[in-house]
Amino acid sequence: MSGVAAPSMLRPAVALPFLLVCLIWGSTWWVITGQIGDVPASWSVAWRFVLATPAMFAVALAMGRSLNLGAAGQKLAFFVGVTQFCGNYNFVYRAELHLTSGIVAVMIGLMLVPNTILGRFLLNQVITRRFAFGSVIAIAGIALLLLHEAREAPVQGKVFLGVGFALIAMLCASVSNVMQANEVGQRLPMVSLLAWAMLYGTICNVMIAWFTAGPPVVPASLDYWLGTGYLALFGSVVTFPLYYTLIRQLGAGKAAYNGVAVVVIAMLFSTVLEGYRWTPVAVSGALLSMVGLIVALSARRPAA
């Protein structure tokens, strides 16, 4: 273990980026709801990263980071692009066609479960009893939230289809998170890796959108493009470098507390803007989810 202590989360240089990422990502779940419906979900994802990709390359160049990743780095960037910026977001947008944004955020917040399981087998990370106990509590909470959603959804609603899409999205993001933490990823400038990954993800997004939804759908609504710009620049270009920097500063365990705060903020947005109804079942599920996530995350420790 390094002799240098991890920086405190109370330091402004750590706390401010942490809070900024929480606030932005917590709001993006609701913003996504305005990107689906009139425009095919696949094209909304594609437009988001068509805007985000050149901005991320510009950030890398402005920071003086090399864009030469080497063969191994390009392979990793392609993998991250396909899983994180293509698979994850395509399924998230589709999940929000059938579930409220807060529920999708809660399900994605449980990503720490597959993260740790994959980390155990791919990165030799240890699974503690506290983590297992917290995960069981959180999963019980998610089950109650989904029970509430199934009761409240209209007859024609496809709640379980939305749940399936959210689970696939979570797994895509989880695989990406674990793989980018391998030895190759640790050697690469984060913004450069993200720039190339977004480029590969954008290419895949355009191909999927064209194949599944036909030629490009270009909406004329100013609100749509303002939302897309927010998701691209703030929800992607600003937050991903900050979040992965936090992982390097704090370790994956403490940085993952971000997921708990994001879920709370997303549920508040869903309550105010989507009319989410808090029944006793929903309240119990939300409390169990938060308690379980906090217990599980408190068991995580930065790798030596």
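This is a short walk through the structure, one selection at a time.

**Start with confidence.** You're looking at a predicted model, so colour the chain by pLDDT before anything else. The chain averages 83, with 86% of its residues at 70 or more. Now select residues 1-6: here the pLDDT is below 50, and the stretch makes 4 contacts in the model beyond near neighbours in sequence.

**Into the core.** Next, pick Trp 29, Phe 85, Tyr 93, Leu 145 and Phe 240. These are the residues with the most contacts inside the largest nonpolar core, which counts 74 residues. Which helix gives this core its largest share? Select residues 12-33: that's helix 1, and it supplies 9 residues.

Keep Phe 240 on screen and show what surrounds it. Leaving out residues up to four places away in sequence, Phe 240 touches Trp 25, Gln 84, Phe 85, Tyr 89, Leu 194, Met 198 and Gly 235. Then hop over to Val 39, Trp 43, Ala 46 and Trp 47, which are among the 6 residues of a second, separate core.

**Back to helix 1.** Thr 28 sits in this helix. Is Thr 28 buried or exposed? With a relative accessibility of 6%, under the 20% cut-off, Thr 28 is buried. Show its contacts, skipping neighbours within four places in sequence, and you'll find Tyr 230, Leu 231 and Gly 235.

**Aromatic rings.** The model has 14 aromatic pairs. For one of them, select Phe 57 and Trp 196: the ring centres are 5.3 Å apart and the planes meet at 80°, over the 60 degrees required, so this pair is edge-to-face. Phe 57 belongs to helix 2 (residues 41-62) and Trp 196 to helix 9 (residues 190-213), so the pair ties together parts 139 residues apart in sequence. Phe 57 itself is buried, at 16% relative accessible area.

**Last stop.** Select residues 159-179, helix 7, and find Gly 164 there. Gly 164 is partly exposed, with 26% relative accessibility.

Methods:
Residues numbered from 1 in each chain as written. Predicted model: local features only at pLDDT ≥ 70, side-chain atom pairs only at ≥ 80, totals over all residues. Heavy atoms only, no water. pLDDT = per-residue confidence, 0-100. Contact = heavy atoms within 4.5 Å. Core = buried A, V, L, I, M, F, W, Y, C linked by side-chain atoms within 4.5 Å. Buried < 20%, exposed > 50% of the residue type's maximum accessible area, 1.4 Å probe, protein only. Helix = DSSP H or I, 4+ residues; strand = E, 2+ residues; numbered from the N terminus. Phe/Tyr/Trp six-rings, centres within 6.5 Å; stacked < 30°, edge-to-face > 60°.
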